[in-house]
Amino acid sequence: MRLTVNGTSREVDVEPDMPLLWVLRDELGITGVKYGCGIAQCGACTVHVDGIPVRSCQLAVGDLEGAVTTIEGLGTPGSLHAVQAAWIEHQVAQCGYCQSGQIMSAAALLAENSNPSDADIDDAMSGNLCRCGTYPRIREAIKAAALTLRSA
Amino acid sequence: MGRLKTITRRSFLIGSVAIAGGVAFGAYVVATPHANPLLEAAGDGEAAITPYVLINASGITLITPRADKGQGAYSVQAALIAEELDVELDQINIDPGPPSPAYWNTALADEAAAFIVPSGGVAERTAHGVLSAVMKTIGMQITGGSTTVPDGFIKLRQAGAAARETLKMAAARETGIAMAELRTEAGRVILPDGSSLSYMELAPAAARITPPQDIALRGPSEWRLIGKPMRRIDIVAKSTGTQSYGIDHAVDGMVHAAIVLNPAQGGPMNGFDASEALAMRGVKDVLQITGGVAVIADNTWRAFQAGQAVRFDWGPAPFPATMDQHWDTLSGSFTGEFEDSRQRDDGDVDISFAEAPGLVSAEYRAPYLAHAPLEPLSAIVRIDTDAAEVWTGTQVPRFVQTNVGKIAGIDPDQVTVHALYMGGSFGHRLEDEVVKQAAEIAVKLKGTPVKLTYSREQDMTHDFPRQIAMARMRGVVRNGQVESYELGIAMPSVVMSQMGRQGMSVPGADSQIVAGAWDQPFAIPHHRVTGYRALQLAPISSWRSVGASTNGFFYNAGLDELIYEAGADPLAERIRLCNDDNARKVLEAVGEMSGWDGALGDGRGRGRGVALTQSFGVHCAEVVEVTSTEAGIRIDKVWVAAEVGTVIDPVNFDNLVKGGVIFGLGHAMNCEITYTDGIADQSNFDAFEGMRMHQCPAIEVRGLENGARVLGIGEPPVPPAAPALAGAIFAATGIRLREMPFSKFVDFA
């Protein structure tokens, strides 16, 4: 089975009902995408499929249609996405485990809506759980990233 | 971090050799320090000047033995050393170091011996000396109790200062220039002519010098780092998906394992049939372990799936099967037979009650709660004939060493522990069951690294949850004031349950049964707080703020009822009763920040509540404002003030306080673990939600620095959140909440 991840075509030999999450983590060694609940309740496994945010724990790899982007493909320490830069500037992370998913959800929101209201942020981000309670900083960072993207 | 891992491993192969001299660097607060574990392994040209600073040709490594669960412990420990060492935070590596008694937590002994202050009463049998000695003897290298900062504030700066002065002595010897003419900056010793020597160059000479002791630490006016906003060292990695956590770690040749244990936690497995599981793709084996089975596979998901295909015959849980029985046990514990402590007994409550025209009374309940860090627990263990290696995120590396040593049948010193980054803990990683289970599997697969990953369901249903607790209050008001307040609290002992799993007992009364209640800064004329130690029920463990997580609610909720009965204002009456200057300033601060003008509803469904809890030495007050809407209660805003002596990093302080408030509010809103037939009813975040983005209020934070002691802030913001929320809901709706979670009685928007 072939899939495109972060711009690279990859071959995997797995059963079609294996969730994309585990194909990425255990078969391809892409660990920026996280396992948190396995039932689409926490959002830690959020990736983009053709730009749309998807809970990779619920997407059987056999049903995948489109190119996958994980946090590693969004930006790197040497070449940050605006959302990642805002996350660093606002020092959002505590344990940081949910932040890959938070950043992927936020990046997808801003790709659709470059000037989100608080209600827009609530709608887009309420599926991403943060047990450390970094929500106030996530909100600030999204607004800062939106400003960066609008003035870019 | 690679270099230190190598020498650490070697040090355990060599064994524990006491190195004479060169270890009492002033970084210790005890007469005879433990041996410096870095010296045992340091090679030629490496200077392990104190247990906290290792310098070699390739760089400077600061040892940060308190684990980072996300609270920024690595950054704060590094900053404290760097402050005196004169290095910049981007010049150094950090390493959690080997498990070692040198890194024992002195502040935790103080917390554990909370009853040292008063005399008399049943708790007199608790001796600070006993606990302190126990902790030193076993080298209690534990991260917990918000102690990283209080434990390290002097110790780590002294370590940095001792290393700095030793490097200057080395430079003086090398150059012939007097010490007094040398200064240090950014990892270099600067000579009078402006030329300089790097610490790395000086390391070989420094290694031969006995470090000086009792160097005066710099005062606040000289601080370069402390008190100023810092960028935490892991922030780029944690914003780019490049931070590796325990669950991400891989070791060559490892197999994946998942376990299925009796869903009735701790109950026996009478039999199992793994034939279907064994036929599934990627499954290598199904092995029996204590209380269940382990599936060995080539992939985490395949191991999870195969675990679901095993058929079991389970026995019953070793604790009462229904919640009614748990509550009945607590309810029956408010008697002399179960009395554990009575450390607050001011005035004469009994006479006050006998003379009073009317008695206010109420009962409160707090449920079991899972820790549920977002990263499920995991551990990699490899056991060889005479050595073992462990990779895991843990708050108790010494316990891990001991327990893996026991299971492998080898000396604990032959167990190397690699402490990995943790995706949260909240106390979960004070337990090491996951490591013990991985070791049980690894012992059957000698030489093969076994990576055990918990499913969320395994993690939540086999957590050792926060204690269940019940409280009963009685009180009297007179002339618009609170005159008499009695609070009895019943819970099983967390310390007994937790330390019991490590084969240890702690003498005397358990201060956590009344933590956040017996020692609050209020001078009520007749005031009594009694702890009752209920029989052990479900196994329990420390959950962020431990006893105070339940008792902060009980104490403030009871006080609120009396203040209401007196017709007084919740904030004004607390300030009037307050007998501690720093606590009063905290209350006044939240009053000013929130523009407090009374609690009661304004006719538009708004309401405010206030609470103050002193826990872990920190006075923390919170005001919560809510609006009752058609969709339910909406939490609009929270104001928080906390007295911590010195705010070391204002950014991390702000982040931890907000996180603590959200943690306290979220669980009070909608979380509980309940048992049916001895099986936890909640197994994932659909049934254990906490707070989400759309429910999160604006939070305003202020750190006060009036106190003499420098204190940690990880836990203290949690206890006042629930009672302040309950007070606000009462003001807005008239509904008095006496049991958590509040979602049993009101809806949240």
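**Figure 1. Helices α17 and α21 of chain B run roughly parallel to each other in this predicted model.** Let's begin with a pair of packed helices, α17(B), residues 547–566, and α21(B), residues 721–733. Their axes come within 7 Å and cross at roughly 30 degrees. Angles under 35 degrees count as roughly parallel, and α17(B) and α21(B) are therefore described that way. The crossing of α17(B) and α21(B) is right-handed. Which residues of α17(B) meet α21(B)? They are G552(B), F553(B), N556(B), A557(B) and D560(B), and their counterparts in α21(B) are A722(B), P723(B), A726(B) and G727(B). By class, this contact of α17(B) with α21(B) brings together 5 nonpolar, 3 polar and 1 charged residues.

**Figure 2. Four strands of chain B make an open, mixed sheet.** Which strands stand at the edges? They are β22 (606–615) and β27 (698–704) of chain B; each has a single partner strand, so one side of each is left without a neighbour in the sheet. From one strand to the next, the twist averages 15 degrees.

**Figure 3. A closer look at β23 and β24 of chain B shows an antiparallel pair.** Here β23(B), residues 618–629, and β24(B), residues 632–643, are joined over 11 bridges. To find your place in the pairing, look for E625(B), which stands opposite K637(B) in β24(B). As a reminder for reading this view, strands of a sheet pair through backbone hydrogen bonds.

**Figure 4. Chain B and chain A meet in a contact between the two chains.** How many residues does each chain bring to the contact? Chain B gives 47 residues and chain A gives 46. On the side of chain B that touches chain A, α8 (235–239), α10 (300–308) and α20 (650–670) each supply at least two residues. Of the elements on this side, α20(B) gives the most, with 6 residues. Sorted by class, the side of chain B that touches chain A has 17 nonpolar, 18 polar and 12 charged residues.

**Figure 5. Strands β3 and β4 of chain A form a hairpin.** V49(A) has I52(A) in β4(A) as its bridge partner. Between the two strands lie 2 residues, and D50(A) in the turn has a positive phi of about 50 degrees.

Note on methods:
Residues are numbered from 1 along each chain as its sequence is written. Chains are lettered from A and ligands numbered from 1 in the order in which they are written. This is a predicted model: local features need pLDDT of at least 70, side-chain atom pairs count only at pLDDT 80 or more; totals for chains, interfaces and linings use all residues. Axes are lines fitted to C-alpha atoms, for helices over the stretch in contact, and angles run from 0 to 180 degrees between N-to-C directions. Angles under 35 degrees count as roughly parallel, over 145 as roughly antiparallel, 65 to 115 as roughly perpendicular and the rest as oblique. A crossing is left-handed if the near helix is turned anticlockwise from the far one by less than a right angle, and right-handed if clockwise. Two residues are in contact if their C-beta atoms, placed from the backbone, lie within 7 Å. Ala, Val, Leu, Ile, Met, Phe, Trp, Tyr, Cys and Pro count as nonpolar, Asp, Glu, Lys and Arg as charged, and the others, Gly among them, as polar. Two strands pair if DSSP finds at least two bridges between them.
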